[in-house]
Amino acid sequence: MGQTLNYLKESSSQTAGPYVHIGLAPGAAGFDIYDQELGWDIAGPNAKGERIRIEGQVFDGTGSPIKDVLLEAWQANADGNYAHPEGGGEVEAGFRGWGRVITDFDTGEWAFDTVKPGAAMGRSGRVMAPHINLWIVARGINIGLNTRLYFDDEVEANAKDPVINLIEWENRRKTLIAKRTEREGQVIYRFDIRVQGENETVFFEI
Amino acid sequence: MTKPAEYYQRDRGRHPPAYTPNYKTSVARSPRYSLISLQQSVSEITGPVFGHDDVAALDHDLIKNYAKHGDPVGERIIVHGRVLDENARPVPNTLVEIWQANAGGRYRHKKDTYLAPIDPNFGGCGRTLTDDEGYYFFRTIKPGAYPWRNMVNNWRPAHIHFSVFGASFSQRLITQLYFEGDPLIPLCPIVQTIPDPDAIDQLTAKLDMNATIPLDTIAYRFDIVLRGRRSTLFENRLEGN
């Protein structure tokens, strides 16, 4: 026997459950309690860069939309800086880069408005293609799922991205690429997430 | 710019796996492929920062934050503790959000149809920031147990959902608080998704007589541990150059 390591252990995750909205988005649960709910304005009014909308659905292993899912988004600004003391540099006033996304309970469709992030510096001096980090919780998900959303109009940057290139199965890389369209002058990226089944989205241990 | 060190790897042996067939909803909502392991980059070691402008004075007081005509029905409790990391260091100024059923086991949610009544004076959510020492407290009502459709006769033990941020997206955690002595804990398929009994104990709040307010409110202590972070950095090419 040697010395004892006195590290604490991380508290275990438990599912967010079906009523996660009460805590994190009470308006969606059907009541008004807080002066301001958090996470509805990701980029703020002063953010530079291209204004975009991301929309999608999250599907379960049967191909059905998960209608009670909640997502959180975490992204850099258009310069590739995160709003954090170690985030790489300055961001615009009001730019938090974090958002909460809830679904339409009838269809499971979700959408959020933001600005397109810039490329951020990754490990070992390798630039990461523009991406949005997503965290997915719901009833039946025992521990939040982490994934990344990349953009299909960043072909060159995506091809060099150190994280995309970690995915040994090249045919699975496309599950992380959002598809750009335009609708009524609005730039929209579609990003469907498949938790299980055909074309299961790549999730990360971060 | 300081060179960021990584957070300790998650001990998956203390977290529930994705696929837990006794908790039936997990069956179709669990990935079948392995998670792909990332060495953390700036995207993982950063996370949203919150401040006192984000929360209002009564947000942590669930007895008062939705009261319309008086206090909600039920056992008045204080839930308090610290948010620490695996190095036993406090996690200051981090957002802690909670949600729960009322004393009868009913949630204020348009999707909850349990026959126990809504309490007109109880919303069921609260939020606060930890102080410089990682300390937080809430005042609330002890939630009731309630039935749910998994097996046909499953009951959730009394519990409070906790959402905690920490300083980085890799520390993000949602968990649940259970109450010491609740006989439903060993019977609950959601609690029992956790493979390690010691990890279940860690989610079980202790009666804390020292923190009770005599003749007023009983107290439970609940500390939360987030992932720790390396303090020594020997790589010379982790970030940037």
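So, A:E205 stands opposite B:S37, which is in strand 1 of chain B. That's a contact between sheets of two chains: strand 13 of chain A and strand 1 (residues 36-37) of chain B pair in the parallel sense over 2 bridges. When I say strand, I mean a DSSP run of E, at least two residues, and a helix is a run of H or I, at least four residues, both numbered from the N terminus. Two strands pair if DSSP finds at least two bridges between them.

Some housekeeping. This is a predicted model, where local features need pLDDT of at least 70 and side-chain atom pairs count only at pLDDT 80 or more, while totals for chains, interfaces and linings use all residues. Residues are numbered from 1 along each chain as its sequence is written, chains are lettered from A and ligands numbered from 1 in the order in which they are written, and side-chain values use heavy atoms, with hydrogens and water left out.

Okay, the interface. How many residues of chain A are in contact with chain B? It's 80, against 97 residues of chain B, with contact meaning heavy atoms within 4.5 Å. The two chains bury about 7,800 Å² between them, 56% of it on carbon and sulfur atoms. A:E10, A:Q14 and A:R123 supply 12% of the area that chain A buries against chain B, more than any other three residues. Buried area here is the accessible area (1.4 Å probe) lost on putting two parts together, summed over both.

Now the salt bridges: there are 10 between chain A and chain B. The rule is a side-chain nitrogen of Lys or Arg within 4 Å of a carboxyl oxygen of Asp or Glu. One of them joins A:D68 to B:R29, with the closest N and O atoms 2.9 Å apart.

Last stop, strand 2 of chain B, residues 76-85. Buried or exposed? Well, 8 of its 10 residues are buried, so the strand is largely enclosed by the rest of the structure. Buried means under 20% relative accessible area, exposed over 50%, and partly exposed in between (1.4 Å probe, protein chains only).

And its partners? Strand 5 (residues 135-141) of chain B runs antiparallel to strand 2, joined by 7 bridges, and there B:R76 stands opposite B:I141. Strand 11 (residues 218-221) of chain B pairs with strand 2 in the parallel sense over 4 bridges, where B:I78 has B:A219 as its bridge partner. Strand 12 (residues 224-226) of chain B is parallel to strand 2 too, over 3 bridges, with B:L84 opposite B:V225.
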